[in-house]
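Please keep the sequence and the structure in view while reading.

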Amino acid sequence: MALTLAEKIIQMHIVPGTLDFKAGTPIERGTDIAVRIDQTLTQDATGTMAYLQFETIGVERVKTELSVSYVDHNTLQTDFKNHDDHRYLQSVAARYGLYFSRPGNGVCHQVHMERFGKPGKTLLGSDSHTPTGGGIGMLAIGAGGIDVAVAMGGGAFHLAMPKVYGVKLEGRLRRGVGAKDIILEVLRRESVKGGVGAVYEYFGPGVESLTVPQRATVTNMGAELGATTSVFPSDETTKRFLESMGRKADWVELKADEGASYDKVIEINLSELGALAACPHSPDNVKSVSELSGTKVTQVAIGSCTNSSLDDLAAVAAIARGKHVAPGVEAGIAPGSRATLLMADKAGILGDLIRAGFRILESACGPCIGMGFAPNSGGVSLRTFNRNFKGRSGTADAGIYLVSPETAAASAITGTITDPSALISDNAANTGYGPASLLDGKDPRLSCADVLSSAQDEGLLIPPPDEAEAAKTEILRGPNIKPCPSCRPCADSLKLPVLLKAGSNVSTDDIMPAGTKVLPFRSNIPEISKFTYERLDADFYKKAEETGFGGCFVVGAENFGQGSSREHAALGPMYLGVRAIIVKSFARIHKANLINYGIIPITFSDSADYDKISAGDTLELNGIKESLADGTPFNLILHKADGTTAQIEGTNDLAERSRKILLEGGLAAYTRNGGQ
């Protein structure tokens, strides 16, 4: 039978003996599958905890084909904490056989695509935007740090066999329309929860017109759909990109079989797309730029793992050349990698941007995670980033709009939200790779990245030493680096207060904020736990403390835990005594992280039961071990303050392995006890 590309890569990586299936025949959706992981990546905000967990596994060297530790999040060093983490990460990388990407080398996803990404390989990353690698034909998935630690130790990654949604692209992008507008259109149609349990696979004649960096923009923001990952075929465009990186041997052609069947198909004619923007405060709150035209702008930020390639910088320069950022607008650009920055300088792009009044920020995540360059109070900030959750920018009352680099550049010049097509001259029409002068007479489908390889800075990427040298490495630990706390053992019954009732689309930023105040404590769970649920209830820590951290429940509505892969959004609650979370639906990664840390994720069998519960009520959960052993529904008794009670049933949709992990008291205990 014909298979989709995603199905083909998955089947090539099923761990032998774990699943009885016929090769070349689709695996039933929802089946628990164990996938072999070829490559891993971590970033410093999640990496320190991931490597503390990896150390407990007891292997002498990572068992993947390649693993990389990147520093790109916590690069603002206001005291010793972040630098101590960097030193720990470098020493661990040397000790256990990983590449180490030093601070300033760039954003993990951009650098990984340039240096290590290979079509057809599996990549597991402790960052939700790991699906960026799908732009080069990888099956790249974001996960919690402990899942990545297990993969580095040679373990499989377990997930439910996803549905595969096909996105058929026709035509080619018009002037002033960028790759960001493609994924914003998908988000407009599908919503931030539309992709839960699915892979988005792009195909059709329109794919050929998109460069690898453009494709990576689309797959990167597929994370905002709640999707498992997104993937493009590996074709001649992919081959040329890899050749330009000096990695021709890494290319292999990959595409769906003719006649492959998708669980659903979305059709997009690129020629009909216009400039779009995601309005505050959700990536799926999408409107056309023309609808927003004239809105005053106070800040523009260009960069992040979504739109920081040389293609993106060149597109901005093509609009800004000979012009200047408008009075009253602060504009900054963070190139995605040191190599991109060097090439932008060589091509004259950097000078054009500086002369136009753009501030050049560090090649790091920076403003995307609230690490500097926060907007003014009540300001309007246009960002080429992937998330615009309330407060994520560092300014709680700012209006954050997600736009393409082309729209950001045009709006920076005019001072108001502006359709970029009006500012692009005929000889600098937007084709996704910027000024024609960079092409040097080459095929115009080639990306600016075709000349990037000459600008690599090898000194900022440290390869692993040989095993003998690695064994001599001393692991450096600063005073802020604390061991990962143990999960609580599984109880058979719990009668605990509901300390928090939340609404829909609660993000991991709501559960555990990022930013300059919180991120330095990522390696110190007792300290970072004080910020748990702070944005939903400023007194949550105090309420948990008043119980003696003896235990509580949390209740939520739809898409609970959307956003990043940060397992701290499970670690913090676990440390404060959250034993179960009962919601209408979960985001994929957060649900997996809760299981890994022994918190039972329960969905209401009847969503109307959500309305019966109030913060301060008591819930009684009995027969837990029996439900986890045989998969029967969870039975809860609601005790109201007025003395009345009500029966509530919770759906038990957990895979057998997930139930075993919860019975053992979390993934670490499950692994120590021989679980696979």
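**Briefing on a pocket and a helix pair**

The lining of the largest pocket comprises 13 nonpolar, eight polar and nine charged residues. The model examined here is predicted. Two packed helices are described by the angle between their axes and by the distance between those axes. The points below take the pocket and then the helix pair.

**The largest pocket**

- The volume of the largest pocket is about 810 Å³.
- Among the 30 residues that line the largest pocket, Leu 159, Ala 160, Arg 588, Lys 591 and Ser 658 are the closest to its centre.
- At least two lining residues of the largest pocket come from each of β7 (157–160), α19 (588–596) and α21 (656–664).
- The greatest contribution to this lining is that of α19, which gives five residues.

**The pair α10 and α13**

- Helix α10 (residues 310–320) and helix α13 (residues 405–414) have axes that come within 9 Å and cross at roughly 30 degrees.
- Because angles under 35 degrees count as roughly parallel, α10 is roughly parallel to α13.
- The crossing of these two helices, α10 and α13, is right-handed.
- On the side of α10, the contact is made by Asp 312, Ala 315, Val 316, Ile 319 and Ala 320.
- On the side of α13, Pro 405, Glu 406, Ala 409, Ala 410 and Ile 413 make the contact.
- By class, the residues of the contact between α10 and α13 are eight nonpolar, no polar and two charged.

Key
Residues numbered from 1 in each chain as written. Predicted model: local features only at pLDDT ≥ 70, side-chain atom pairs only at ≥ 80, totals over all residues. Heavy atoms only, no water. Axes fitted to C-alpha atoms, helices over the stretch in contact; angles between N-to-C directions. Helix = DSSP H or I, 4+ residues; strand = E, 2+ residues; numbered from the N terminus. Parallel < 35°, antiparallel > 145°, perpendicular 65-115°, else oblique. Left-handed = near helix turned anticlockwise from the far one by under 90°. Contact = heavy atoms within 4.5 Å. Nonpolar A, V, L, I, M, F, W, Y, C, P; charged D, E, K, R; others polar. 1 Å grid on protein atoms, 1.4 Å probe; cavity = no way out; pocket = protein on both sides within 12 Å on 5 of 7 lines; lining within 4 Å. Points joined across faces, edges and corners; volume = space filled by probe spheres on them.
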